2 protein chains.
Amino acid sequence: MTKNIFKGKVVTLNVETVTLPNGVTVDLETIRHPGAAAVVPMKDDGTVILIRQFRHAAGGFIYEIPAGKLNPGETPLACACRELEEEIGYRAGSFELLTSIFTAPGFADEVIHVYRATGLTPGRQQLDRDEVLEVIPLPLAEAVDMIADGRIRDAKTIVGLQSVYIMGKVG
Amino acid sequence: MTKNIFKGKVVTLNVETVTLPNGVTVDLETIRHPGAAAVVPMKDDGTVILIRQFRHAAGGFIYEIPAGKLNPGETPLACACRELEEEIGYRAGSFELLTSIFTAPGFADEVIHVYRATGLTPGRQQLDRDEVLEVIPLPLAEAVDMIADGRIRDAKTIVGLQSVYIMGKVG
């Protein structure tokens, strides 16, 4: 049984009555989210292009990779292409899916599809009115250091940067 | 201005009216969450101890590291200790904070403090009635492969495992 509490522009909140595999029945506060795509934009010289974006829920500006919610009917790849150009003004010759992550499976069904984009060429940046961000190109190794020292704290961003870094070390 | 929509056992949902740094005022659907701690439990031989846990919001069982919400007044370290023992039945000689991540800063303030635990000794597993999970020890390198091939998809788990893996390669 699902009791809908709220249906907003971004999230839907339900209290869902669920019988677990052990037979116990519980009410679970569950956020339903359309999902998102995120992109590690990588230049041929190993520079990654981050953004520093204002996030109210995080209490200020945080480092992220370009990302955004899936529009209705939009594929994750189309969303990744769109957000890459809108947020940082680049197009990519190639997108490779790194992984699709559950961000907060204890209470939300959000999945973020995380891509690496290469073959970057200039496009046209076009921010929404509620997007406040600065574009920050950095060597990949420096970005990985910024994870270790706590300056980069966004989960999808860490997953994307570390995945690309490990692939580069192994492959 | 904050309009509270829902106050549950896990999440609080507000619609918060915010003036962004660019002067634009917007209503933001914001999940307030108490925060959590997560632990990469690592044996001396490089084995990491994962769990395979039922997560309704993820649609089934997923691989994770032990983790849980902060109780009121509980420090992240105390929470990490508690969840390590309750979920997998181990105590640790040493905890090291790897990073504190924002899981979904577009709509939630949840921070997960991710630790590495070493010096493991047997304790007493004690699951809540709504926890359905299996304990799965694995070599770290195999766990990292399971990220690359898409079998491990939980964000905090990927961040913890990849952080430990990169530290081991560099340090």
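Predicted model: local features only at pLDDT ≥ 70, side-chain atom pairs only at ≥ 80, totals over all residues.
Let me start with how chain A is laid out: it is divided into domain 1, residues 1-32, and domain 2, residues 34-170, with bounds that come from an automatic or database domain assignment. Residues are numbered from 1 along each chain as its sequence is written, and chains are lettered from A and ligands numbered from 1 in the order in which they are written.

The centres of domain 1 and domain 2 of chain A, taken over C-alpha atoms, are separated by 29 Å. The contact between them takes 5 residues from domain 1 of chain A and 4 residues from domain 2 of chain A, where two residues are in contact if their C-beta atoms, placed from the backbone, lie within 7 Å. On the domain 1 side, the touching residues are 2 nonpolar, 1 polar and 2 charged; here Ala, Val, Leu, Ile, Met, Phe, Trp, Tyr, Cys and Pro count as nonpolar, Asp, Glu, Lys and Arg as charged, and the others, Gly among them, as polar.

Next, the sheet. In chain A, an open sheet of 3 strands has the order E6-E5-E10 with antiparallel pairing; strands (E, at least two residues) and helices (H or I, at least four) are DSSP runs numbered from the N terminus, and two strands pair if DSSP finds at least two bridges between them. Strand E6 (60-64) and strand E10 (133-139) of chain A stand at the edges, and because each has a single partner strand, one side of each is left without a neighbour in the sheet. Neighbouring strands of this sheet are turned by 25° against each other on average, direction ignored, with axes being lines fitted to C-alpha atoms, for helices over the stretch in contact, and angles running from 0 to 180 degrees between N-to-C directions. Strand E5 (residues 47-55) of chain A pairs with E6(A) over 5 bridges in the antiparallel sense, and A:Phe54 stands opposite A:Phe61 in E6(A). Across E5, E6 and E10 of chain A lies helix H2 (residues 140-148), running at about 110° to E10(A).

Which residues of chain B stand opposite each other, with one of them in E6(B)? There, B:Ile51 stands opposite B:Glu64, and 5 bridges join strand E5 (residues 47-55) of chain B to E6(B).

Turning to the two chains together, 52 residues of chain A are in contact with 52 residues of chain B. The largest share of the chain A side, 8 residues, comes from H3(A), and that side divides into 30 nonpolar, 10 polar and 12 charged residues.

Not counting residues up to four places away in sequence, A:Ala37 touches residues including A:Ala67, A:Leu70, A:Ile112 and A:Tyr115.

Finally, is A:Asp45 buried or exposed? A:Asp45, in the loop between strand E4 (36-41) and E5 of chain A, counts as exposed because it has 8 C-beta neighbours inside 10 Å; a residue is buried if 20 or more other C-beta atoms lie within 10 Å of its own, exposed if 12 or fewer, and partly exposed in between.
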